[in-house]
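User: Please go through how the two chains of this model meet, giving the cut-offs as you go.

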Amino acid sequence: MAIRINLFHEEQNREVQRKRDPLKLGMFAIAFVLGVIVLYHFVKMAESSRLQSQLNSLQQEWSTKEAEMKAAIKAQEDSLNAVNRAEALKKVVEERFLWGGVFQVVMDVVPLEVQLKSFAGTSEAQSDNVTIILEGVAAGNEPRSVAENLRRNLGEKLNELYGTAEVAFTLLENDDLQVVLDEQKLSTARFAIRASLKQSVKTEEKSEAKPAKKK
Amino acid sequence: MSKLNKDQIQKVVASALMLGVVLAGYYNLLLSPLKANIARMETEVVGVEEKVKEANTQIRKAQGLDEQVAQSQNTIDLLEEFMLDGAPEAWFPPLIQEFFTTHGVKSSPPRRIEFRGAQDPALRKYQSGIWSAQFSQIEFAQWGMAMSALENEQPLLRFTRIQVELSSDTPQFQRADVEIYNIIKQ
């Protein structure tokens, strides 16, 4: 085996040492870390910039929408007021008690043998109670039955019209007075009839009937 | 790898310290405010997005009411035609008197009993008028038909009290006293 003498070993050792210089390697590592940090910072700055522009455009949109929304809220309030007002007015119209039917019933059921002295009716604006009071004189061989027929007929007719009507005598008594009707002398009885109605009963029935009609 | 000499060790330590200082400075002075800024903007973006979404919903809701409002306004306009302008005492009594006269019933003009604010808050634009009307000589059937016609023609009017009695002077006629309730403008 031939002996080879490396005359450059010192030079090579220096080269290796220069390459493995820890100081230099440390500097490279620091530079790398700083590079990563700078890159990370740029990414964050880009994210911040993107968010800023998104926020700006949203705020611009909001500034126009805010005025529209305020106008819409005001319009909605006005609209709801109008809707509620219309509903309340309709309720006033639909829930009032109409007396035409009662007048017709009274004219239909009062027979020739009965003379009404007074008719009184009340329908409170804030409640659905209706009261009717009829006072008069019934004439006949049996004047009390004449008055009772009037009460019964009145009750039937009012029930047909208004659903639940309670019709009762508050007074029924024979009178000394005698009258002549169709050349017949008849005895008389004084009476007072009170009828109580609930106007809402018929209104509710009507409103329940409406959807059924649509079907 | 050769061992570090003292000078090199000092340099490495100094560099590491410098790196630490730079990193701490970067974190405190640049990265931390940047992150805080990003977090704030993210929160703001979410907030503004919600506000815009809410505004859109509100606008759509208001637009959706348009048709209903038009119908309601028609109803209001229609019914307000029965409430004339001006003081109710000026137009209501003559209106009622004229109505009964055209139906062949003699009456005096209704007198005002009182005006009250409407109880229903939705009707705060209006008030209730309560009037008293007297009929000194009526024939019940004809008068009853006139009353029915009046309540049919005036939808905001109702009779709250009716009293009919035989007339003592002329037994073939009756006299009546009626309380009228109606809705009028404030």
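**Helix packing and interface**

Analyst: The axes of helix α3 (residues 100-109) of chain A and helix α4 (residues 140-153) of chain B come within 9 Å and cross at roughly 160 degrees, where helices are DSSP runs of H or I with at least four residues, numbered from the N terminus, and axes are lines fitted to C-alpha atoms over the stretch in contact, with angles from 0 to 180 degrees between N-to-C directions. This is a predicted model, in which local features need pLDDT of at least 70 and side-chain atom pairs count only at pLDDT 80 or more, whereas totals for chains, interfaces and linings use all residues. Residues are numbered from 1 along each chain as its sequence is written, and side-chain values use heavy atoms, without hydrogens and water.

User: How are α3(A) and α4(B) oriented relative to each other?

Analyst: Their axes cross at roughly 160 degrees, and angles over 145 count as roughly antiparallel. Therefore α3(A) is, relative to α4(B), roughly antiparallel.

User: How much area do chain A and chain B bury between them?

Analyst: Contact, meaning heavy atoms within 4.5 Å, joins 66 residues of chain A to 71 residues of chain B. Counting the accessible area (1.4 Å probe) lost on being put together, summed over both parts, with 70% of it on carbon and sulfur atoms, the buried total is about 6000 Å².

User: Which side chains meet in a salt bridge?

Analyst: A salt bridge requires a side-chain nitrogen of Lys or Arg within 4 Å of a carboxyl oxygen of Asp or Glu, and the count between the chains is one. At 3.3 Å, N to O, the partners are B:Glu80 and A:Arg85.

How values were computed
Chains lettered and ligands numbered in written order. Helix = DSSP H or I, 4+ residues; strand = E, 2+ residues; numbered from the N terminus. Parallel < 35°, antiparallel > 145°, perpendicular 65-115°, else oblique. Buried area = accessible area lost by both parts, 1.4 Å probe.
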